[in-house]
Amino acid sequence: MPKDDLQLMRELIDSHREGFALERHFYTSQAVYNNDIKMFWNRNWIWAGHVSQIAEPGDYFLFDYGPESVIVVRDREGEVRAHLNVCRHRGSRVCLESRGSARVFSCPYHAWTFGLDGKLRGGRAMGPDFDPSDYGLFPVQVQIFQGLIFICADENPPSLEASLDRLAPLSAPMGLDYLKLAHEASYPVPANWKLALENYLECYHCAPSHQEYSRSHSLKDSAEVEKYGGALRERSAAIGLPVEELDLTGPNALAPGTDVYWRRYPLFPGYQTGSKDGEPLAPPLGGLTGHDGGATDLSVGALNYFLIYADHLVGYRFVPRGLQETDIQIAWYVRGDAEEGRDYDKEALTWLWHVTSLDDERIIRHNQEGVNSHRFVPGPLSEMEWSLPGFYRSYFSMI
């Protein structure tokens, strides 16, 4: 009997060579992709946005991935909630606008009406034995960390509290709870989501592929990080930033799916932030008193990545839309009271990660084209791709 795709996937996991890339089957099988959504995306925490995006009761936005759609809303009591955007009658999408403000959510198909808390408030002509309390919207779990909203569709998500408690004092001076969305953009790429995520996790490609990034960021070479790291730590401390690092990933993770990573690294001399000319782009975040010429890599869980300069935060997501369709989603945040045109210029603020993402779309697209070849055989990873094995282990453990 021929092997099905998931059986083949399991055999490939068992035979995977540590220190090597994944087999093509993980990027080309529809069954594997469907399983990725069900077993990995639905069971992990996903960064959806920031509390400032739903400032008032009734404010909401949608976060979609794969076939799933989630309504993130602030209810009448001011609590942030999330619900699957699936009517409990016959499955229609309930909320069709990507963002807005609502008193209730009314299904456009048969007019079932749900409160902001997800409870069914009205189902027409359902008979005397119908109990509305049995048919509220499916709840999605919510975790808020210093204003960042994370969601998980599983009823028993990984417990992030202990890891985030360790992170909290390191990030507190940046005032992440007091941010404002300055811009967001999506860069569609015809590739499997894992190729897009893997590209972000390694900087082996940075020097040949990202000329603008490589002029200012030292992460592409660990020797340069060490060379400039001492001076950066002094500057960071001087503006009010802790200099400690936190690595709760891989074998250091407190529990599966709860990985947290925090590390500040130096920009090259002459660059105070991630700008074209090295000059500041916006007012310092939180309680920081200036710019230190550094950037912080922050990761939370298996799917959420942030780059935090002294004056802005860049959030990255690699959102699956289909087997070989992924949106590289980027959001730029500045301090909550910053005003466009007075405190920051949007074009200057977004320049670096816009041009870098255009580069990424190109190289990831070509990567998928090559992986699609039946002659593709995974090669060994470089020591500069040190974070990929950790991702593979996390991925294997959940699928």
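UniProt, in an unreviewed entry, places the feature "domain: Rieske" at residues 47–151. The model you have here is predicted, so let's see what the annotated stretch looks like in it. Over residues 47–151 the chain is 42% strand and 0% helix.

### Two partners for H5

Further along comes helix H5, residues 193–201. One of its partners is helix H9, residues 346–371, and another is helix H10, residues 388–398. Here are the two pairs together:

| Pair | Angle | Axes | Handedness |
|---|---|---|---|
| H5 and H9 | roughly 125 degrees | within 10 Å | right-handed |
| H5 and H10 | about 145 degrees | 10 Å apart | right-handed |

Let's take H9 to begin with. Its axis and that of H5 cross at roughly 125 degrees. An angle of that value makes H5 oblique to H9. On the H5 side the contact is made by Leu 195, Ala 196 and Asn 199, and H9 brings Asp 360, Ile 363, Ile 364, Asn 367, Gln 368 and Val 371. By residue class, this contact of H5 with H9 divides into 5 nonpolar, 3 polar and 1 charged.

Now for H10, which packs against H5 at an angle of about 145 degrees. In this contact H5 uses Trp 193, Lys 194, Leu 197, Glu 198 and Leu 201, while H10 supplies Leu 388, Phe 391, Tyr 392 and Tyr 395. The residues of the contact of H5 with H10 divide into 7 nonpolar, 2 charged and no polar.

### The disulfide

How many disulfides does the model hold? The count comes to 1, taking cysteine sulfur atoms within 2.5 Å as a pair. The disulfide joins Cys 203 to Cys 206, with an S to S distance of 1.9 Å. Is it left-handed or right-handed? The torsion about the S-S bond of Cys 203 and Cys 206 is about -110 degrees, so the disulfide is left-handed.

Note on methods:
Residues numbered from 1 in each chain as written. Predicted model: local features only at pLDDT ≥ 70, side-chain atom pairs only at ≥ 80, totals over all residues. Heavy atoms only, no water. UniProt positions renumbered as here; feature names shortened; annotations may be inferred. Helix = DSSP H or I, 4+ residues; strand = E, 2+ residues; numbered from the N terminus. Axes fitted to C-alpha atoms, helices over the stretch in contact; angles between N-to-C directions. Parallel < 35°, antiparallel > 145°, perpendicular 65-115°, else oblique. Left-handed = near helix turned anticlockwise from the far one by under 90°. Contact = heavy atoms within 4.5 Å. Nonpolar A, V, L, I, M, F, W, Y, C, P; charged D, E, K, R; others polar.
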